[in-house]
Every structure is written in structure tokens, then in C-alpha cells.
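Colleague: I am new to this structure and would like to go through part of it with you. Can we take it one question at a time?

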Amino acid sequence: MTKRANEPAVWFLFGTGGFIAGYLLPVHILFFGILFPLGIFTDPGYEATLHLFEHPLARLYLVVLCFFGFFHAAHRLRLTLVDFLRIKHLETQLGLVLYSLALIGTVYAIYLASIV
Amino acid sequence: MASFPQSQPREYRPSFSNWWWLGRRNYLIFILREFSSVFVAYFLVVTLEQVCALARGPEAYASFQAHMRHPLMILLNIIALAFLVLHTVTWSKLVPKAFYPRRHGHPLPEMTTALPSYILWAIATIVVAAFILGA
């Protein structure tokens, strides 16, 4: 039972991350990854996009999106890879690698949010 | 008195193929749904790359835009969007189910439990799109 003690906290992060990434990322991909590159919508350009990211709330948005999104992906990928590759015995090491990557991504997002 | 050969009890290990996820359509959809998390991480990295380019100046941002116009990047992003939509739809169906009370012992229809999540998704999409386009 002691092993399950942190599960609700992990699930809260995981569940919330699933919604945050799920609500916000599709529209990001749609515009910055497809519609602007194809020229279907006019890209607002460097000045306007920089101005958008300079707002304190936009910086906070970036950090929140990256923190929840990266940890959601890391947790889900850990669970999936263990089943997919049948590597239950490597779950701890796999988790360590994936959560470390999520942490690096989040720290990088905080750094970028502070300099942009 | 008859004697029987002693055999050591061994752990039962059911055998199944490494390709178990191709065995049934449901398994395949499960694996595709779970691997949508790869595309979540992928586009977060692209977004960080974009902000990094913004921080470095107009030339860096122009090269980021040129990189995004590459046909293979556009193709990858279309695939990523498809996986992201799969993620949001399945997540909206799955998670609220755990919180809704059952009526007369029956679970509420999936469309009812998922609807608030779809509405929030639509609002978030419109708000973010307004910021991106109005930038």
C-alpha cells in the first residue's frame, strides 16, 4: 500500500496535463505548423509574435503548458513503453530518463520565458 | 509404496508475441492513442524552438519559419494534429467518466459526460486562435 501513496498526486498532474495539452496544442499545431506555413492564413510575423510572448501571462502560459504537457507525455510514455516493449523490469530506469527529460524541457521553458 | 518424481513448481508465464498490439483492432487503437503523447512532446519542443528563435531575433525567426515551410515538416505536423485530436477526443471521453455519478446504477451516456470537455476545448481553441491571429 505504501507504493500507492503518491498515485493521486501523480494522477492529478497526469490528468490535468492531458487536458491542458489536449485543449491548447491542436490549435498551436493548426496555425504555426500547418496554416501559416501553407500560407492559408497570413503569419503575423516576428514583431507581432514577439510582442505576444512578451506579455507576462503569455510567459506563464508557456511554462504551464510545457510543465503539464511534458510530464503528461513522460508518464504516459512510461506506461505505454513498458507494455509495448514488454520491459517491466526496466520501468524505474525508463521513468527516470523520461521524467528527467520532462524536467529539462520545463526548466528550458522557464529560461526562455525569462529572456524572451 | 509408490514414489513420484519431485518436480519444482515454476511460475506460470503466459506467452504472447511481441506483436500483440497488431492482434486486434482495439489493441492497435489503444497503442495509437497512447503514442499520441509522443506528438504532445514533439509540438512542445517545436514551440520552445519557436520561442527560442523569437528570443534570438528576426533572422533566427525567419529561419524557423522557413524550416516550418518544408513539405516534410508540414506533413509531420498534419500527422501530429491527427494524433493530437485523437488524444483530446479520447481523453475527453475517458477521464470525466471517473467523476460522474451513476444514474439508477447506469453510467451516463458517453456523449453527455464528454460534452463539457468538448465545450471547454472549443472555447480554448477560439481564445488561443484570437490571440495568435490578432498578434
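Colleague: Which helices do the buried residues of H4(B) pack against?

Modeller: The model is predicted. In H4(B), the buried residues include B:Ala80, B:Leu84, B:His87 and B:Trp91. The buried residues of this helix pack against H2 and H5 of chain B together with a helix of chain A, H1 (7-38).

Colleague: How do H1(A) and H4(B) lie to each other, roughly parallel or roughly antiparallel?

Modeller: The two axes come within 9 Å and cross at roughly 155°. Angles over 145 degrees count as roughly antiparallel. H1(A) and H4(B) are therefore roughly antiparallel.

Colleague: How many charged residues are in the contact of H1(A) with H4(B)?

Modeller: From H1(A), the residues that meet H4(B) include A:Gly22, A:Leu25, A:Pro26 and A:Ile29. On the H4(B) side, B:Leu81, B:Leu84 and B:Thr88 are among them. By class, the residues of this contact are 16 nonpolar and six polar, with no charged.

Colleague: Which helix supplies the largest share of the side of chain B that touches chain A?

Modeller: Between the chains, 45 residues of chain B are in contact with 46 residues of chain A. H1, H2, H3, H4 and H5 of chain B each supply at least two residues of that side of chain B. The largest share is 14 residues, and the helix that supplies it is H2(B).

Colleague: What span does H4(B) reach from its first C-alpha to its last?

Modeller: H4(B) has 24 residues. At 1.5 Å a residue the expected value is 34 Å, and the helix comes close to that, reaching 34 Å.

Terms used
Residues are numbered from 1 along each chain as its sequence is written. Chains are lettered from A and ligands numbered from 1 in the order in which they are written. This is a predicted model: local features need pLDDT of at least 70, side-chain atom pairs count only at pLDDT 80 or more; totals for chains, interfaces and linings use all residues. Two residues are in contact if their C-beta atoms, placed from the backbone, lie within 7 Å. Helices (H or I, at least four residues) and strands (E, at least two) are DSSP runs, numbered from the N terminus. The expected span of a helix is 1.5 Å times one less than its number of residues. A residue is buried if 20 or more other C-beta atoms lie within 10 Å of its own, exposed if 12 or fewer, and partly exposed in between; C-beta atoms are placed from the backbone. Axes are lines fitted to C-alpha atoms, for helices over the stretch in contact, and angles run from 0 to 180 degrees between N-to-C directions. Angles under 35 degrees count as roughly parallel, over 145 as roughly antiparallel, 65 to 115 as roughly perpendicular and the rest as oblique. Ala, Val, Leu, Ile, Met, Phe, Trp, Tyr, Cys and Pro count as nonpolar, Asp, Glu, Lys and Arg as charged, and the others, Gly among them, as polar.
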